[in-house]
Amino acid sequence: MGVINDAGKLVLDSCQGAGYSLTLLFRTIAALPHLPFKVRFTLDQMFAAGIKTIPVTLVVAVFAGMILSLQTGLELQKYGQHTLIGNIVAISMCREMGPFITALILAATVGSAMAAELGTMNVSEEIMALEVMSIDPIRFLVLPRVVALTLMCPILTILTDLVGIAGGGIVATTQLGISFPYYLNSARESLTSLGQGLPKDVYVGIFKAWIFGITISVIGCSCGLRARGGAIGVGNAVRQAVKTAFLLIIILGYIVTWIFYRLLGS
Amino acid sequence: MSKPFIVLENVYKAFGAKKILQGISFQVQEGQSYVIMGGSGTGKSVTLKTIIGMLKPDSGSVRVEGQEVPALDRQGLMRLRRDMGYLFQDGALINWMTVFDNIALPLRENSKLTEAEIRDKVMDVIRLVELEHAVDLLPDSISGGMIKRASLARALINDPKIILYDEPNAGLDPIMSETINRLIKDVQDRFGVTSVVVTHKRACAFTVGDIIAIFDQGKILAEGPPGEMRNSELPLVRRFLGGVVD
């Protein structure tokens, strides 16, 4: 009986958490008209969420591009096809790896920080104090955070894409014997082969990053606002925020890919 | 004759199987200071949170300025709370804002005052609580007594008609405790606010209270003016209020 009770409680808690997060998302959207009064807080959050994350994002992106280029290039070399490495790295980075890597970094750093900040404010009654002062915590705390990450995640993803492609180029030049201009040219050609203004591989990647930005920030805020019970409660909120964000990033990533490349055609 | 500003009638509240309030009824007249004392877990803070609409009672009526609080929607609650101030036990100042910004926050968010007008108003209450030297400090870098005074200043900034105090002296040394009591009394005398004060300190109850109520197991065991309560024959009342005033 105990196992059934625990399983039931887990399902119930998960449903409540999902419901709370969705409600939070809708209430944040409804609070958007108040954004002009929160410009300073939003810029502060953009700095914390975006600018401070650039160094780690750059390092991860350059090495991800280098690993991708080396692993794939060595296999292609066996068949004499290693000159395609520019195409492969560019498409992989823009479609999938750029948004995915950026989102994981932001979930681990910014999403967890949001859960910790709001969780600490919650357990020390600061959120309740805001409500008592007739200040809507969603307008005051959640809106700037969600807007900041929703804007910064695509921007950082573009940076990750570019740096990852450049990292791949370093390996292609030094390890695979391909000239850097040739590598760059094949990367550019693979992204613009359909002749569109903004290549599909790029805009789908940016769209994914936008979805991931919303997801990470809403989950981080939601877990923080539901934190209970002192330091342990804040720890649990942070763990829950990172875990849920990671799961949603991978699931939503697949769904967006399926919609754009399967449902709507390649 | 003053009118009842806060009215609780037969209020029940439980958290799961744990019954906290079991039929609480009392009235607070306009301008009156109502002190609630009692052991831990007897429902004192829950009563305050019920009055301000942070908790909904399971049954019973909670009326503030004639409005049935549990029936108010979010907008109604926000309007009502603009007439109320709340002093939290640990201050609950926003930890990443300076003392000045914390006190200015309700005005910046809810009023159309200019920054200069806000500054004047904030400095007035800061002078009242004698915190001029701490305006630019963060809550982390000030003492418990200063946090309480800053929190009181924040509660006063909207010129509230009602202030609810949740253990205003908790964790303070006797001298700072006395300073806080004096401030609360000063605020009542100067601005005529209606107050509900939850405290464990006899000195606080006798300094600021017009009516003192003793809570026991979610019910009001006894209530009355300080002089009457001091002479009560009930053992629990004597344990809380009898003997030497600390």
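Two residues are in contact if their C-beta atoms, placed from the backbone, lie within 7 Å. Helices (H or I, at least four residues) and strands (E, at least two) are DSSP runs, numbered from the N terminus.

The model is predicted: local features need pLDDT of at least 70, side-chain atom pairs count only at pLDDT 80 or more, and totals for chains, interfaces and linings use all residues. Residues are numbered from 1 along each chain as its sequence is written, and chains are lettered from A and ligands numbered from 1 in the order in which they are written.

**Exercise 1.** List the buried residues of helix α3 of chain B and find the helices that they pack against.

Solution.
- A residue is buried if 20 or more other C-beta atoms lie within 10 Å of its own, exposed if 12 or fewer, and partly exposed in between; C-beta atoms are placed from the backbone.
- In α3(B), residues 99-110, the buried residues are B:Val99, B:Phe100, B:Asn102, B:Ile103, B:Ala104, B:Leu105 and B:Pro106.
- These buried residues pack against α4 (115-128) and α5 (144-156) of chain B.

**Exercise 2.** Work out the strand order of the four-stranded open sheet in chain B, and say why β2 and β5 each have a side without a neighbour.

Solution.
- Two strands pair if DSSP finds at least two bridges between them.
- The order is β2-β1-β4-β5, with antiparallel pairing.
- β2 (18-29) and β5 (67-68) of chain B are the edge strands, each with a single partner, so one side of each lacks a neighbour in the sheet.

**Exercise 3.** Describe how β1 of chain B pairs with β2 and with β4.

Solution.
- β1(B) and β2(B) are joined in the antiparallel sense by nine bridges, and B:Pro4 faces B:Gln29 in β2(B).
- The two strands make a hairpin with two residues between them, and B:Gly16 in the turn has a positive phi of about 65°.
- β1 (residues 4-15) and β4 (residues 59-64) of chain B pair in the antiparallel sense over five bridges.
- Opposite B:Ile6 stands B:Val64 in β4(B), and opposite B:Tyr12 stands B:Ser59 in β4(B).

**Exercise 4.** Locate A:Glu125 and B:Asp159, and decide whether each is buried, partly exposed or exposed.

Solution.
- A:Glu125 is in the loop between α4 (85-123) and α5 (126-132) of chain A; its phi is positive, about 65°, although it is not a glycine.
- A:Glu125 is partly exposed because 18 other C-beta atoms lie within 10 Å.
- B:Asp159 is in the loop between α5 and β7 (162-166) of chain B; its phi is positive, about 50°, although it is not a glycine.
- B:Asp159 counts as exposed because it has 12 C-beta neighbours inside 10 Å.
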